[in-house]
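Here is a short briefing to read alongside the sequence and the model. Keep both open as you go through the points.

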Amino acid sequence: MPPPLTPPPYIELATTTNFSFLCGASHPHELVSEAHALGLAGIGIADRNSLAGVVRAHVQARELGTKLLIGTRLVFSDGTPDILAYPQDRAAYGRLSRLLTVGNRRAEKGDCILKLDDLVEHAEGLQLILVPPRPDITLAAPTLRRLKNHNLWLAACMAYRGDDQRHLRRLEAMAREHRLPMIAIGDVLYRLTEPVLRPIR
């Protein structure tokens, strides 16, 4: 009997903390601890148009020895689908910070107004992961064509709504058409908690 297959190492790259107001529900250090407890190879913190949650995540990751990737989830005002952006070096981190500053200066305090042109201008050195809208992923096609010369992946997420297999087939077709690699994300908004239902004793 062949030995059981070892699952490949997995790093969750679409993690939203409570620094994304009205979106994430858990503190950054809690999410890092959860990733460590689940045996993940690491975790990427990507709050919406912000890098604010990464300090607390960094402290916890260092204490636990957990790999931490620092990025942001870019949310646009011009209809562009969400894009996860992870800097590959210090210079790219600086460009990402400048990109967010551009969006913050356009908006009132607490908001950020970004357009796809802004990303294109600051995209050097960023690993980009486009999260296609559901159910009509074809809305992402213009953005894919615009970013074809950049370091881009196409995200695949299981939403457990009954249409996941159809959605994945469409994503695979889109990835082939645009010659893009696919990457799995969980789109995490909070850490696991105790089950709501407990066995009756």
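This is a predicted model: local features need pLDDT of at least 70, side-chain atom pairs count only at pLDDT 80 or more; totals for chains, interfaces and linings use all residues.

Residues are numbered from 1 along each chain as its sequence is written, and side-chain values use heavy atoms, with hydrogens and water left out.

**Overall layout**

- The chain holds six helices and seven strands; these are DSSP runs numbered from the N terminus, with helices (H or I) of at least four residues and strands (E) of at least two.
- Read from the N terminus, the order is β-α-β-α-β-β-α-α-β-α-β-α-β.
- With a radius of gyration of 18 Å, close to the 17 Å that the globule rule gives for 201 residues, the chain is as compact as a globular protein of that length. The radius is taken over C-alpha atoms, and the rule is 2.2 Å times the number of residues to the power 0.38.
- Along the principal axes, the C-alpha atoms fill a box of roughly 60 × 40 × 35 Å.
- Of the contacts between residues at least 6 apart in sequence, 68% join residues at least 24 apart; contact means heavy atoms within 4.5 Å.

**Burial and cores**

- Buried residues account for 43% of the 201 in the chain. Buried means under 20% relative accessible area, exposed over 50%, and partly exposed in between (1.4 Å probe, protein chains only).
- In soluble globular proteins, nonpolar side chains tend to be buried together.
- The largest nonpolar core here has 29 residues, and Leu74, Leu119 and Leu128 have the most contacts inside it. Such a core is a set of buried Ala, Val, Leu, Ile, Met, Phe, Trp, Tyr and Cys residues joined through side-chain atoms within 4.5 Å.
- At least two residues of this core come from each of strand S4 (83-87), helix H3 (90-106), helix H4 (116-122), strand S5 (126-130), strand S6 (152-156) and helix H6 (164-178).
- Another core, of eleven residues, lies apart from it and includes Ala46, Tyr86, Ile183 and Ile185.
- Beyond its neighbours within four places in sequence, Leu128 is in contact with residues including Ile83, Leu119, Leu147 and Trp153.

- Thr16 sits in the loop between strand S1 (11-15) and helix H1 (28-37), and it counts as buried at 0% relative accessibility.
- Thr16 and Ala46 are 30 residues apart in sequence, yet their C-alpha atoms are 5.7 Å apart in space.
- His122, in helix H4, counts as buried at 10% relative accessibility. Leaving aside neighbours within four places, His122 is in contact with Arg95, Arg98, Leu99 and Val102.

**Backbone points to check**

- Most residues other than glycine have a negative phi, and most peptide bonds are trans.
- The peptide bond from Arg134 to Pro135 is cis, with omega near 5°, and Pro135 is in the loop between S5 and helix H5 (141-146).
- Asn49 has a positive phi of about 50° although it is not a glycine. Its place is the loop between strand S2 (42-48) and helix H2 (54-64).
- Asp187, also not a glycine, has a positive phi of about 55°. Asp187 lies in the segment after strand S7 (182-184) and counts as partly exposed at 27% relative accessibility.
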